[in-house]
Amino acid sequence: MRALIQEVLSSSVTIGGELISSIGRGELILVGFTQGDDHLTLEKMAKKIAKARIFPDENGKTNLSLSQIDGEVLCVSQFTLYGSLKEGNRPSFVEAMRPEEAKRLYEEFVSLLRQEFPSLKTGVFQADMKVSLVNDGPFTLMLDSKELFQ
């Protein structure tokens with residue numbers, strides 16, 4: 001599992017010109033899944049994200065978690081996090097989990113995050129979404145479960 005976390009001043013998802021979700025200050029989390037991801041992976045990633053101290057304190061040090069700043073969360077599925085240009089110029093997505101199983105994991109991950117952040121907002125799985133954000137900093141982190149928990 002990969003999660004791209006972006007500290008944002010605001011973020012939103014529109015589909016077909018209709019606003020689906022929007023947040024103010026907080027995190028936009030783009031998530032993708034691969035073979036071998038399971039419930040334990042989701043739990044560990046949700047806890048890691050909830051506890052991550054990426055927001056600045058009064059001294060400008062990254063020392064505060066999302067809950068400490070009363071931040072909001074927008075979680076969007078993005079299989080392209082497992083895209084590769086290793087061979088050739090056209091991306092390969094063979095490492096991305098098949099949509100049926102990925103949807104189940106995405107919904108389970110959202111449920112786990114919602115335990116920490118009840119007002120969590122989401123995109124729509126497999127929809128052609130337009131995701132907007134105002135990245136703060138910019139501050140962006142890539143979390144890869146294979147690097148974090150192996």
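The largest pocket has a volume of about 380 Å³. The model is predicted; local features need pLDDT of at least 70, side-chain atom pairs count only at pLDDT 80 or more, and totals for chains, interfaces and linings use all residues. Residues are numbered from 1 along each chain as its sequence is written, and side-chain values use heavy atoms, with hydrogens and water left out.

A pocket is an open set of points on a 1 Å grid over the protein atoms alone, where a 1.4 Å probe fits, with protein on both sides within 12 Å along at least five of seven lines; lining residues have an atom within 4 Å of a point. Its volume is the space filled by probe spheres set on the points, which are joined across faces, edges and corners. The largest pocket is lined by 20 residues, and the closest to its centre are Ser77, Gln78, Phe79, Thr80 and Gln126. Two or more lining residues come from each of β3 (26-32), β6 and α2. Helices (H or I, at least four residues) and strands (E, at least two) are DSSP runs, numbered from the N terminus. Strand β3 gives the most to this lining, with four residues. The lining holds 15 nonpolar, five polar and no charged residues. Here Ala, Val, Leu, Ile, Met, Phe, Trp, Tyr, Cys and Pro count as nonpolar, Asp, Glu, Lys and Arg as charged, and the others, Gly among them, as polar.

Aromatic contacts come next. Rings of Phe, Tyr and Trp (its six-membered ring) pair if their centres lie within 6.5 Å; planes under 30 degrees apart count as stacked, over 60 as edge-to-face and the rest as tilted. The count comes to two aromatic pairs. Phenylalanine 79 and phenylalanine 93 pair edge-to-face, at 5.0 Å centre to centre and 65 degrees between the planes. Both residues lie in the loop between β6 (72-77) and α2 (99-116), so the pair ties together parts that are 14 residues apart in sequence. Phenylalanine 93 is partly exposed because its relative accessibility is 31% (buried means under 20% relative accessible area, exposed over 50%, partly exposed in between, with a 1.4 Å probe and protein chains only).

The tilted pair joins tyrosine 106 and phenylalanine 125, with 5.9 Å centre to centre and 35 degrees between the planes. This pair links distant parts of the chain, 19 residues apart: tyrosine 106 is in helix α2, and phenylalanine 125 is in the loop between β7 (121-122) and β8 (130-144). Tyrosine 106 is buried, at 5% relative accessibility. Phenylalanine 125, at 19%, also counts as buried.

Side chains of opposite charge can pair when their charged atoms come close. A salt bridge is a side-chain nitrogen of Lys or Arg within 4 Å of a carboxyl oxygen of Asp or Glu. The count comes to four salt bridges. Arginine 104 meets glutamate 101 at 3.8 Å, N to O. These two residues are three apart in helix α2, about one turn of the helix. Arginine 104 also bridges to glutamate 108, with the closest N and O atoms 3.6 Å apart. Glutamate 108 lies four residues from arginine 104 in helix α2, so about one helical turn separates them. Arginine 104 is partly exposed at 45%, and glutamate 101 is partly exposed at 34%.

Another of the salt bridges joins lysine 130 and aspartate 128, at 3.3 Å, N to O. Lysine 130 is partly exposed, at 48% relative accessibility. Aspartate 128 counts as exposed, at 57%.
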